[in-house]
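Here is a short report on one protein chain. Keep the structure in view as you read, and find each residue as it is named.

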Amino acid sequence: MTTDSSLKRGLAVLRLFAQHPSQDPRGHTAAEVAALLGRERSQVSRILRSLETARFLRRDPASLRYSVAWELYARAQQITEARLRRDGRTALEGVAADTGECAYLGVLRGASSVTILESMPPALSSFVSWVGRAYPAYCSDAGQALLFDADDTEVAAVFARTAFVRHGPNTPADLDDFLARLNTARKRGYTIVDQEAEPGLYSLAAPVRDFRGEIVAAVQVVGPRRRLEPATAACADSVVRWSDWLTAALRSTDHETDEETDEETDKKTDKKTDKETDKKTDGKSDRD
């Protein structure tokens with residue numbers, strides 16, 4: 001696929017595989033893809049073969065059905081991680097500007113939440129950096145947000161080897177206590193951790209989802225309870241708004257909205273071919 005039009009058609013096919021998963025575990029047939037896209041089967045078959053050659057898709061030799069290749073998932077994951085760091089910084093700067101407090105982006109690593117990005121207002125820039133540092137997920141705002149989609153069994157597996165050590169006056173006592181707080185946070189749409197991580201510390205967080213709809217990070221705002229607790233509503237509005245913004249950024253395909261239609265492209269291609277044919281014919285006539 002060398003032309004701009006072919007690339008756009010190929011991306012449309014890949015988007016279809018993401019948005020319309022086949023009921024057959026072996027994937028879609030060329031006819032199914034053509035019907036879903038509203039295109040000619042022969043044209044779609046050429047695109048599918050090209051995507052297979054490029055190892056974006058794989059074809060089952062028995063059924064001749066196409067499915068997404070693992071290499072595409074790996075590439076998508078790399079792009080997501082790069083975008084998370086690039087656009088995550090913008091989101092944290094937005095939270096810090098809104099609240100005047102420190103903002104962080106956390107991910108889940110085992111039973112801990114780990115900070116991968118941070119943004120601090122100038123007045124608080126002397127604070128110690130948390131980037132790269134891990135904290136027990138059972139008593140952190142990010143830990144709850146990162147486990148929003150996990151069921152009780154999955155949460156229990158995460159904390160299977162974790163002792164619920166007391167870090168603050170309100171640290172969850174055990175798994176059941178954590179699950180109750182997690183359920184409340186889900187209904188609320190964001191987490192509030194009030195002196196669970198350490199005395200006097202107050203924080204809020206909201207989950208960030210990738211192109212698959214899976215939670216990959218949490219936007220957080222953290223500060224002294226005396227300042228943040230009275231401003232809970234404003235802080236919640238900021239972390240939810242910026243986590244939604246970051247989710248939209250990770251899901252964006254960045255494709256142009258003013259793309260040429262395939263018919264227009266085909267017409268241009270036909271005209272170009274006709275001109276080239278005329279030139280060759282004229283040249284031959286001159287030689288004759």
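The chain exposes about 16,300 Å². Carbon and sulfur atoms supply 50% of that area. The model is predicted.

**The chain as a whole**

The chain has 288 residues, and 41% of them count as buried. Its secondary structure comes to 10 helices and 8 strands.

In which order do the 6 strands of the open sheet lie? The order is S5-S4-S3-S8-S7-S6, and the pairing is antiparallel. Strands of a sheet pair through backbone hydrogen bonds. The edge strands are S5 (134–136) and S6, each of which pairs on one side only. From one strand to the next, the twist averages 35°.

S7 is mostly covered, with 7 of its 9 residues buried. S6 (residues 191–194) pairs with S7 in the antiparallel sense over 4 bridges. S8 pairs with S7 in the antiparallel sense too, over 9 bridges.

Follow alanine 205 in S7. Threonine 191 stands opposite this alanine. In S8, the bridge partner of alanine 205 is glutamine 220. Serine 203 also has a bridge partner in S8, namely valine 222.

Helix H9 lies across S3, S6, S7 and S8. The helix runs at about 25° to S7.

**The nonpolar cores**

In soluble globular proteins, nonpolar side chains tend to be buried together. The largest nonpolar core here has 27 residues. Which residues have the most contacts inside this core? They are Leu105, Leu204 and Val219. The elements that give two or more residues to the core are helix H4 (70–99), strand S3 (102–109), strand S4 (112–119), strand S7 (201–209), strand S8 (215–224) and helix H9 (232–251). H9 gives the largest share, 6 residues.

Take valine 219 as a closer look. Leave aside its neighbours within four places in sequence. Valine 219 is then in contact with a list of residues including Leu92, Val95, Leu105, Leu204, Val239 and Leu246. Tyr104 and Ser243 are also among its contacts.

A second, separate core has 20 residues. Among them are Tyr138, Leu179, Ile215 and Ala218.

**Aromatic pairs**

The count of aromatic pairs comes to 6. Two of these pairs can be set side by side.

| Pair | Geometry | Centre to centre | Angle between planes |
|---|---|---|---|
| Tryptophan 130 and tyrosine 135 | edge-to-face | 5.8 Å | 65° |
| Tyrosine 138 and phenylalanine 164 | tilted | 4.6 Å | 35° |

Is tryptophan 130 buried or partly exposed? Tryptophan 130 counts as partly exposed because its relative accessibility is 25%. Tyrosine 135 is buried, with a relative accessible area of 19%.

Tyrosine 138 lies in the loop between S5 and helix H5 (141–146). Phenylalanine 164 lies in the loop between helix H6 (152–158) and helix H7 (175–188). The pair therefore ties together parts that are 26 residues apart in sequence. Tyrosine 138 has a relative accessibility of 2%, so this residue counts as buried. Ring pairs also link Tyr138, Phe159, Phe164 and Phe178 into a cluster.

Where does arginine 55 lie? Arginine 55 lies in the loop between helix H3 (41–53) and strand S1 (57–59). Arginine 55 has a positive phi of about 65° although it is not a glycine. Its relative accessibility is 52%, so arginine 55 counts as exposed.

Glutamine 195 is not a glycine either, yet has a positive phi of about 60°. This residue is found in the loop between S6 and S7. Why does glutamine 195 count as buried? Its relative accessibility is 19%, and buried means under 20%.

Methods. Residues numbered from 1 in each chain as written. Predicted model: local features only at pLDDT ≥ 70, side-chain atom pairs only at ≥ 80, totals over all residues. Heavy atoms only, no water. Buried < 20%, exposed > 50% of the residue type's maximum accessible area, 1.4 Å probe, protein only. Areas by Shrake-Rupley, 256 points an atom, 1.4 Å probe, with all protein chains shown as cover. Core = buried A, V, L, I, M, F, W, Y, C linked by side-chain atoms within 4.5 Å. Contact = heavy atoms within 4.5 Å. Pairing = 2+ DSSP bridges. Axes fitted to C-alpha atoms, helices over the stretch in contact; angles between N-to-C directions. Phe/Tyr/Trp six-rings, centres within 6.5 Å; stacked < 30°, edge-to-face > 60°.
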